[in-house]
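I set out to look up open space and charged contacts in one structure. My entries follow the display.

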Amino acid sequence: MSTANLTVRIDASVKCEAEKLFEDLGMSISTAFNIFLRQAVRAQAIPFTISRGITNRTTLAAMREAEQIANDPAIPSFSTRESLVASLEA
């Protein structure tokens, strides 16, 4: 397999943060970029997000709300699609 060089200009602080992130994930920037490109070619799209699992405030609020709904006996729950539809049609 032949290789080619690619030069990318990025902000120095972004590069530093990326190096730290990918080091935490056990890879170099070059490896991470190769993974991204291979997946993009396979998916014919920007295919995924690699993260450390940091959740933003909006997601945390949604998770809390979902937990409150799940634990509230006043809110009906449905085990099948049919029972949900029947409830909506009632």
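I looked up the largest pocket and noted about 830 Å³ of space in it. A pocket is an open set of points on a 1 Å grid over the protein atoms alone, where a 1.4 Å probe fits, with protein on both sides within 12 Å along at least five of seven lines. The volume is the space filled by probe spheres set on the points, which are joined across faces, edges and corners.

I recorded that this is a predicted model, in which local features need pLDDT of at least 70 and side-chain atom pairs count only at pLDDT 80 or more, while totals for chains, interfaces and linings use all residues. Residues are numbered from 1 along each chain as its sequence is written, and side-chain values use heavy atoms, with hydrogens and water left out.

Next I listed the lining of the largest pocket (residues with an atom within 4 Å of a point). It holds 24 residues, and Leu6, Ile29, Ser30, Phe33 and Asn34 lie nearest the pocket's centre. Helix 1 and helix 2 (29-43) are the elements that give two or more residues to this lining; helices are DSSP runs of H or I, at least four residues, numbered from the N terminus. Helix 2 supplies the largest share, 8 residues.

I then searched the whole structure for salt bridges (a side-chain nitrogen of Lys or Arg within 4 Å of a carboxyl oxygen of Asp or Glu) and found 1. Lys15 and Glu19 form a salt bridge at 3.4 Å, N to O. These two residues are 4 apart in helix 1 (residues 12-24), so about one helical turn separates them.
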